[in-house]
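Please look through the structure shown here.

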Amino acid sequence: MAAVYKSLAKTSKTDKMDIDDDAKNGSSSSNGVRKNKQRVLILSSRGVTHRHRHLLNDLAAMLPHGRKDAKFDSKSKLYQLNELAELYNCNNVMFFEARKGKDLYMWFSKVPNGPTIKFHAQNLHTMEELHFQGNCLKGSRPVLSFDATFETEPHLQVIKEVFTHMFGVPEGARKSKPFVDHVMGFSVADGKIWIRNYEIREVAKTTKGEGEDEEEEASSKKAKRGLDNKETDISLIEIGPRFVLTPIIIQEGAFGGPIIYENKRFISPNHVRAELRKSKASKHVARQEQTRDNLARKRKLGLENGEAFKDKSGLDTRELFA
């Protein structure tokens with residue numbers, strides 16, 4: 001704690017000195033406002049499928065302040081990602097963990113102090129699969145739209161803050177464009193977070209009044225040009241990608257530390273598949289028992305009617321196991 005206090009004290013002193021220098025020089029660029037410096041390290045584990053890889057590439061293209069890295073070999077020693085993030089000067093990590101070639105778990109972590117959030121990703125649809133009409137400028141800054149549900153519970157507030165640091169492109173970031181032309185929507189439904197991406201499309205209005213003459217239209221156009229008021233229709237067109245995240249746990253540290261939240265309603269896909277196999281096995285066992293009961297019933301009926309067995313030898317099963 002003492003080291004953290006010293007580092008914070010140093011940063012506060014340096015910020016104050018910078019503000020005083022700017023005031024002396026007459027520059028009002030900073031105005032005492034600290035810049036949002038965020039860099040995201042994006043990487044995956046071994047065993048990802050083509051769908052997971054395409055989703056990672058789409059997210060990396062949407063985040064100009066991100067840095068894409070090669071695949072990470074280990075799935076148990078995730079704390080090594082902290083050193084890797086410090087090596088690349090990143091304070092956020094987005095890690096795609098693939099299990100059994102089917103399941104995808106996404107880790108969002110703040111380096112080096114945390115927290116770390118683990119999600120289970122479902123209903124993945126990449127940009128190539130959707131074939132939507134919308135399109136946006138590569139490297140532009142998005143508008144993050146969060147549902148009002150994010151303010152109701154503490155763990156959703158933590159998730160909202162982490163998403164703001166991950167998907168919010170800081171102003172003046174490397175490879176970013178000074179335009180805002182798409183919206184990322186985050187909504188909560190059924191305990192899951194639904195993520196969508198929309199383009200902001202502006203189209204000029206071309207409607208004409210029924211009773212207006214040409215002269216009135218021309219005069220209205222001149223008035224509009226003089227006032228520089230251009231009426232436009234704003235609409236949202238989905239671009240992609242789209243996916244659904246189910247929160248599993250939230251850890252206090254970066255890829256470690258005590259668990260401060262755990263989703264009790266989450267059921268692992270391994271357990272779901274095991275239950276399906278058990279249900280199929282129970283059906284098979286019930287069918288076998290039914291056939292065995294039918295055979296026993298037929299034999300019993302045959303004995304009661306006095307019907308003789310065809311095989312009278314001593315090797316008959318009925319004679320051996322009577």
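A charge sits over a ring if NZ of Lys or CZ of Arg is within 6 Å of the ring centre and within 35 degrees of the ring normal. The model is predicted: local features need pLDDT of at least 70, side-chain atom pairs count only at pLDDT 80 or more, and totals for chains, interfaces and linings use all residues. Residues are numbered from 1 along each chain as its sequence is written, and side-chain values use heavy atoms, without hydrogens and water.

Q: Over which ring does the charged end of Lys118 sit?
A: The charged end of Lys118 sits over the ring of Tyr105, 4.8 Å from its centre.

Q: What makes Trp107 and Phe255 a tilted pair?
A: Rings of Phe, Tyr and Trp (its six-membered ring) pair if their centres lie within 6.5 Å; planes under 30 degrees apart count as stacked, over 60 as edge-to-face and the rest as tilted. The centres of these two rings are 6.0 Å apart and the planes stand at 40 degrees, so the pair is tilted.

Q: Why is the pair of Phe108 and Phe167 called tilted?
A: Their ring centres lie 6.2 Å apart with the planes at 50 degrees, so this pair is tilted.

Q: Why does Phe108 count as buried?
A: Buried means under 20% relative accessible area, exposed over 50%, partly exposed in between (1.4 Å probe, protein chains only). Phe108 has 0% relative accessibility and therefore counts as buried.

Q: How do you know that Phe167 is buried?
A: The relative accessible area of Phe167 is 0%, so Phe167 is buried.
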